[in-house]
Amino acid sequence: MATLPNQLPTLAADPAGRSLGLDLPPGALLDTTVEGPWDEPLLWRADAPAAPGDWLRLASARRTAGLCPVLVGGRTGSEPHPDKWELDPDLASYPGDHDAEEVLAELWEGTAAEALDADWPGLAPAGVLDVDPDMWAAEVTDALVGGASLLKEPRLALVPARRSADVPAAIGWCGPVNLTDDVAELCAVLRSWEDRFGVRVVALTFDQLIVSVAAPPGTLSEAEAIAAEHYAFCPDNITQSGHASLRAYAEREVLGARSWTFWWD
């Protein structure tokens, strides 16, 4: 298992993280899980609400300290504080132990195959990057913390993870527990999306995940191929959102979209 050392304990004695090359605002280390305190911090979270520019200022933490920035908060009717999210790191395996296409094919068979009367179509082709993925993630994050934010009380957090796709597994996030007990399976898909579409995990709530997309599909056929992956990854996005068909979802939510939002019931 190729994991990085967790640098968060360093912040107990060095709250600003200067020994790690950081300059953090006031914040707290969180270790609360559904079973009680974890044996080391799962994340650092800023005390103050996030503001535009905060994500970009801490983006270098991944390179200097192995800590990935992500917004944490709530949405309407959900708990905004991660210590109330019933995190369970014991359930998460290592994302690198899973194959993205195998995960999606298996999930497709369990959710979409019968509903759509269709076999798994395979992975969508990679997109074409036209912006830097990390810079675009900063743009999406700034929009999320603006006046019309989709998030309740968004705070910036740092998570010990090799790449943003691994953030849900690193904290034992259980948002998709009704689809899979092991969120690392979905992190394997997120890794593949990082590689093919310049995706970055930019925000988490109790049951919602938001990613930025630096290489969105430019044609409806490309969007439909990606929409099939979305159906396997998060069926509720299609079945509980009023979309008449996968094509309609692709046209409205995927074609040219610079961010994707997923929600599990």
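The paragraphs below go from the overall fold to one helix and then to the salt bridges.

This is a predicted model, in which local features need pLDDT of at least 70, side-chain atom pairs count only at pLDDT 80 or more, and totals for chains, interfaces and linings use all residues. Residues are numbered from 1 along each chain as its sequence is written, and side-chain values use heavy atoms, with hydrogens and water left out.

The protein chain has 10 helices and 9 strands; helices (H or I, at least four residues) and strands (E, at least two) are DSSP runs numbered from the N terminus. For 265 residues a compact globule would have a radius of gyration near 18 Å, and the chain agrees with its 18 Å. That radius is taken over C-alpha atoms, and the globule rule is 2.2 Å times the number of residues to the power 0.38. Of the 265 residues, 54% count as buried, where buried means under 20% relative accessible area, exposed over 50%, and partly exposed in between (1.4 Å probe, protein chains only). Among contacts (heavy atoms within 4.5 Å) between residues at least 6 apart in sequence, 72% join residues at least 24 apart.

Helix α10 spans residues 246–254, and its buried residues are L246, A248, Y249, A250 and V254. Their cover includes α4 (100–116), α8 (220–233), α9 (236–239) and β9 (259–263). After α10 comes G256, with a positive phi near 70°.

Side chains of opposite charge can pair when their charged atoms come close. The structure holds 10 salt bridges, each a side-chain nitrogen of Lys or Arg within 4 Å of a carboxyl oxygen of Asp or Glu. One of them joins R258 and D130 at 2.8 Å, N to O. This pair links distant parts of the chain, 128 residues apart: R258 is in the loop between α10 and β9, and D130 in the loop between α4 and α5 (133–144). R258 is partly exposed, with a relative accessible area of 26%, whereas D130 counts as exposed at 52%.

Another salt bridge joins D166 and R191 (2.8 Å, N to O). D166 lies in the loop between β6 (152–160) and α6 (167–171) and R191 in helix α7 (residues 183–197), so the pair ties together parts 25 residues apart in sequence. D166 and R191 are both buried.

Helix α7 also holds R196, which is paired with E229 of helix α8, so parts 33 residues apart in sequence are tied together. The closest N and O atoms of R196 and E229 are 2.8 Å apart, and both residues are buried. Finally, a network of salt bridges links R62, D134 and R200.
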